[in-house]
Amino acid sequence: MNEAPLGLLSSILVVLILLSGFFSSSETGMMSLNRYRLKHLRKQNHRGARRASKLLDRPDRLIGLILIGNNAVNILASAIATVIAIRLWGDAGIAIATICLTLVILVFAEITPKTIAALYPERIAFPASVILLPLMKAMYPVVWLVNGVTNGLLRLLGVDAGAAKEEHVSSEELRTIVTEAGALIPPRHRGMLLNILDLEEVSVDDVMVPRNDVYGIDLDDSDDEILRCLQASTHTRLPVWRDDINNIVGVLHLRNLSRVIDKHGLDRGALEREMDEPYFIPESTPLHTQLLHFQKNKLRLAIVVDEYGEVMGIVALEDILEEIVGEFTSRMGDTGDSIFAQRDGSYIIAGNANLRDVNKALDWDLPTDGPKTLSGLILEYLESFPAGNACLAIAGYRLEILELQGNVVQSVLASPAAAKGKARR
């Protein structure tokens, strides 16, 4: 080497620096690959993805191969740079070669290639796999020996480098992936995916129609009253009870209406024959579970009961589907009939409005872990029934009772308040 021409040594040094940059960029590119996109491309028979997957099956061997190659070329480059520097500057060349080569390797063989690889991992990793895969086979004995030593040290530290690790994504991580997908997923589809994830956190009592708002048939009413109820109905299925809603005896589908009404009027016997058996569910049933139950039992309407068997309300298949795709039917309790915007930016909200519907419609964050309606929330915070109109702040929102009938808040003037936190009375 000492007798080789300077031009040849310089050319070799440049090649070694380029090789060092190749190994550095390969390491960063391989480790920066998106594992889920890699699986997708592999299923699409992408050649680069298949090669990269083979290398990443044993990351310890891949890292060993890259580091062996990188250290080998860096040591050889250091030796050649020292020879060149000594020829040009004598003994002072050793220090000069150390400083200059360190700067060159840092800039051109480490920082720059690694930055590019981190920004464009697929563009670096897939072409690099063309070289790394056969190089792995050629240098397998050396890689195996080095990895044998390092894996032995790792085992002493309680780490098993050869253990296969299944990659799992939690619901919160998946939520972040969907949210950050940007233009890759249209906003409406992104919202639907997030709503599906929310089903696990929501129970039927969050979306049910409360018992006070249930529209149905009371068999103790007169024939004329029942006929008026049937004619005025905007629903396809009506619960039927005797005397009290807690005594629901069936569900009538209005497609059978022609069998219930004849030329003489209402046929009560036919009405009871055409009713389906009521389907009862507990109020704490998660929405995703109830959706599966509806599908399994081929049903579309359920009666929600509490732990004592008291009817709390009803929930329909459409109520759950609307939690995923958004409102697509007009029904009682729709937020359009319960929230009215005012010119000053405040809102008049019906007391029976569902808190989750209010939060969705106004992008608010009223607490939903307790009462389900705005009236219930206010009364819980007041801890009593107010003698007249009252104003309070809950979770940063100013709520003023406009109308109170009996023990129920009928309407509220609501607006975001400056103060957050504890309710003020």
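This is a predicted model: local features need pLDDT of at least 70, side-chain atom pairs count only at pLDDT 80 or more; totals for chains, interfaces and linings use all residues.
Local features were taken at pLDDT of at least 70 and side-chain atom pairs only at pLDDT 80 or more, while totals for chains, interfaces and linings use all residues. Residues are numbered from 1 along each chain as its sequence is written, and side-chain values use heavy atoms, with hydrogens and water left out.

We begin with the sheet. Helices (H or I, at least four residues) and strands (E, at least two) are DSSP runs numbered from the N terminus, and two strands pair if DSSP finds at least two bridges between them. Three strands, in the order S2-S3-S4, make up an open sheet with mixed pairing. Strands S2 (217-218) and S4 (248-253) lie at the edges with a single partner strand each, so one side of each has no neighbour in the sheet. Two bridges join S2 to S3 (residues 237-241) in the parallel sense, and Ile-217 is found opposite Val-240 of S3.

Turning to the aromatic rings, Phe, Tyr and Trp (its six-membered ring) pair if their centres lie within 6.5 Å; planes under 30 degrees apart count as stacked, over 60 as edge-to-face and the rest as tilted. Four aromatic pairs turn up in a search of the whole structure. One of them joins Phe-22 and Phe-23, and this pair is edge-to-face because the centres are 5.3 Å apart and the planes stand at 65 degrees. Finally, Tyr-347, Trp-364 and Tyr-397 form one aromatic cluster.
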